[in-house]
Amino acid sequence: MSKSGDKMERLQKIIANSGYTSRRKAEELIQAGKVKVNGQIVREMGIKVSLKDIIDVDGYIIKNEEKEYYLLNKPRGIITSTQDELGRKTVTDLIATTKRIYPVGRLDYDTTGVLLLTNDGELTNLLTHPKNEIEKTYIAKVKGLVGKKQVGLLEKGVVVDGVKTSKAKVRVKKYDKKTDTSLVELMIHEGKNHQVKKMFEAIGYTVLKLRRDQFCFLRVDDLKSGDYRKLSPKEIKKLYFEATKNDN
């Protein structure tokens, strides 16, 4: 498998960097005996291979594909996944490409706004790893008046699923007396399942609508719901910079 002069990397890293799946999932597939290198099943986790080797992951041949990067204004009622067992429309259905792209992180079925999709597994891992603290800004419409006390609780962190969330930046943008609803801007760097909704639930509020307004520096102000565009080389470079700037 190792060949002089070829760039050698750990098998699970090459699988993840291809965009096929996360590194953790790649390790699970290796342990399950679903990965072959040059026709042989490999279960050894630390083995190093190159892209000149034939890497077969559960019937899919890993290729060194040209990377693509898309910014989508996700509509309501779309699944943030590559496929859905119930046959519902997914975010990848909205992108016209032959590449095997994946969403970077998740947005709930009824959550709208900024979503990045790519087949660059390395960038995906960097942007979603908690240690890199990539900021995401959400606009939540909640029932009731959110006062200074509640803002303070969110800023300090609340307990969600038995774990206290990290500090957040919070600002009440508007309160509508007629509908008794508040529009709240919440900036966090975590990305736990249903986190924003659960954070508001923890202080006694129900989220009626939720939009991700910004991911890192990316916004979708120029895109209608369901529309997308390719990222520029400058934006891609900046994403890599933002995701690695805290490295020593």
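Visitor: What makes two strands count as a pair in this predicted model?

Guide: Two strands pair if DSSP finds at least two bridges between them. Strand 10 (residues 136-143) and strand 14 (residues 181-188) are joined by eight bridges and run antiparallel, so with at least two required, they are a pair. Within strand 14, Leu186 is the residue that stands opposite Tyr138.

Visitor: How do you know that strand 13 and strand 14 pair?

Guide: Seven bridges link strand 13 (residues 169-176) to strand 14 in the antiparallel sense. The requirement is at least two bridges, so these strands pair as well. Lys169 has Met187 of strand 14 as its bridge partner. Strand 13 and strand 14 form a hairpin, with four residues between them.

Visitor: What makes the phi of Asp180 worth a remark?

Guide: Most residues other than glycine have a negative phi. Asp180 is not a glycine, yet its phi is positive, near 50°. Asp180 belongs to the turn of the hairpin, in the loop between strand 13 and strand 14.

Visitor: Why is Asp180 called partly exposed?

Guide: Its relative accessible area is 29%. Buried means under 20% and exposed means over 50%; the value for Asp180 falls in between, and therefore the residue is partly exposed.

Visitor: Where is Asp161, and why is it called exposed?

Guide: Asp161 lies in the loop between strand 11 (159-160) and strand 12 (163-164). Its relative accessible area is 61%. Exposed means over 50%, so Asp161 is exposed. Asp161 also has a positive phi, of about 55°, although it is not a glycine.

Definitions and conventions. Residues numbered from 1 in each chain as written. Predicted model: local features only at pLDDT ≥ 70, side-chain atom pairs only at ≥ 80, totals over all residues. Heavy atoms only, no water. Buried < 20%, exposed > 50% of the residue type's maximum accessible area, 1.4 Å probe, protein only.
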